[in-house]
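I opened the model today to look up a few local features. My notes are below.

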Amino acid sequence: MKFWNSIVGKIWSTTILLLIGVLVICGFLVAVIYEKNNLNEIEKEMKDTSNKIIQVMQNDDEVIKPGSHAEKTLDMLDDSVGVIIAQDGTSVFTKASKDPISKSSIDRLTQNKKLNEALGKSPDLLMKYDFEDNPENVSIELYAKKFQLSNGETGVVYLYKSFHEILNVTKKATRTLILAGIGAILITSLLSFIFSSRMAFPLREMKKIAVAVSRGNFDNRVPSYTHDEIGDLGLAFNDMAQQLKYNISALRQEKEQLSNILVGMADGVIKFNIDKTIILSNPPAEEFLHSWFFSQENEEKVLVPEKLNQMLDEILNTRAETVGEITFDGQTFVAIMTLLYNGDNIRSIVTVIRDMTEEKRLEKTKSDFVSNISHELRTPISMLQGYSEAIIDGVAQTEEEVREFAQIINEESLRIGRLVNDMLDLSRMEAGFTQLDKRETELVPFLQKIVSNFDVLSKENNVVLKLEADDPDVRYSFDRDRLEQVLINLIMNAIRHTGNDGEVGTVTVHEHVDHANEQLLIAVNDNGSGIPEADIPYLFERFYKADKARTRGKAGTGIGLAIVKNIVDAHNGQITVESTVGKGSSFIISLPLNELRGN
């Protein structure tokens, strides 16, 4: 995690920014007030100095001129202050400051009409003034005051002080404020970092526990480090984890009960819309429709039997429960139809299909799901039993034979484990408990990683596996683990059914962004044995076998494609199949572009 995105960085940066803002505002106000006070002090000083000069001249009853007795008195003045004494617009005495002033500039000052007119209206005047020969063109603070001696002489005393001195004082004060501010920022930064780090430590520990809980470990608890709000949050989190553990256990029990009910159902259920389209059907109902679709009596290959269509028309007209019998290919089914209402309007039609053929067929229908599972488990269990008995009976004489038998037992146990895990995943998905952890990811490197995992398997099966990416920089938001599960299933199936009879097979994973149709396409293509067209609509049913000969000797759980379809549906996508027997197959995943983050 980047420092700026952490709580330490946020608290630290917020504190520093607030401090800098306060220091800038306060520093500006202090500088303004200090400068104003400084100017007031200078003004007062210049007025006092002017009054003293005039007092000296009044005591001596003469105007200070070069060589006069009072000239020595002005030597005591600060060299930052200049003095000009003028009579009748002509300078009679000048004491220069640090910045020398030419005679012409002094004459322009003493003969300035606007200045003299202002002095005619007021005995003194304070203003800013610019000497034209000032090399740096810096204004001066000018104070002028009229005087009159006892002997009748009159004149004006001009005192000026360069703003260099004023600015120097202001710069020193500003420098002091800046240094103090930097020191305050450094000290505050250290204290803020220490404080935020101590506060973030229990939160980081809490995050670790939250991650563990999200992975199903509900026994972890957050230790109590403090007795403040963070400590209370930890206690509340512990209570939540305990309650979550209880709720998950209850949900698991409910799921198992629901699964048992669905597995034990022998009747098919079909839900029709008022336009006779099928909304929902369970496995027995799908088996019924599948049997009808491929029956000899269904010459026109319609999805629903004609008798069922007639019953739909009847119940929509009469609005009364309808019962009818459907017979084809020596099988007899009873259909019971009931209307579902939305207020006074018909919402849908629920049809219960019950197989009424011989007891063997009924038993087979009831135990269809269990039979399929038993079929998948029979081979690995038989091998486990056979090889374990061989080890017990001493058939394996050498350590190498024992190790070989143990390896076979391990592989078959892993196969059983995969079957059970796939069953649990599929049940969880079909029960609606799929939760996707979507994250924005670079798609092509993700595909490359998955393809590279099959290098050894593809070579062992005489298959060339490759990746074709039309958009190498595309980024997409998806659940990495779930989509990886989809691609592993599809690539594994493609490799299993490609490269037979000593021929080199080809499996290609192709990525393409279809902007015209707003889709991201990922296709897994192979040149294997292909799939019969009649089997394609049922490929994604659990335990459906397209061709027993095609899958003979190929290890698999039989529900991989059902899991694939559920995961793709959860991503708001679609998966389609294009296949020709003897030429190969293409499984095409279409995902909406609203999750795209790239070109």
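The entries follow in the order in which I made them.

I note that this is a predicted model, in which local features need pLDDT of at least 70, side-chain atom pairs count only at pLDDT 80 or more, and totals for chains, interfaces and linings use all residues. Residues are numbered from 1 along each chain as its sequence is written, and side-chain values use heavy atoms, with hydrogens and water left out.

Entry, annotated spans. I found that the unreviewed UniProt entry annotates residues 12–34 and 177–195 as "transmembrane region"; such annotations may be inferred rather than shown by experiment. Residues 12–34 are 100% helix and 0% strand, with the end C-alpha atoms 32 Å apart. For residues 177–195 I read 100% helix and 0% strand, and 26 Å between the end C-alpha atoms. Helices are DSSP runs of H or I, at least four residues, and strands are runs of E, at least two.

Entry, Leu29. I located Leu29 in helix α1 (residues 7–60). Leu29 has a relative accessible area of 46% and is therefore partly exposed (buried is under 20%, exposed over 50%, partly exposed in between, with a 1.4 Å probe and protein chains only).

Entry, His571. I placed His571 in the loop between α16 (560–570) and β16 (574–580). His571 counts as buried because its relative accessibility is 3%. Leaving out residues up to four places away in sequence, I listed its contacts (heavy atoms within 4.5 Å) as Leu436, Lys438, Phe478, Asp479, Arg482, Leu591 and Pro592.
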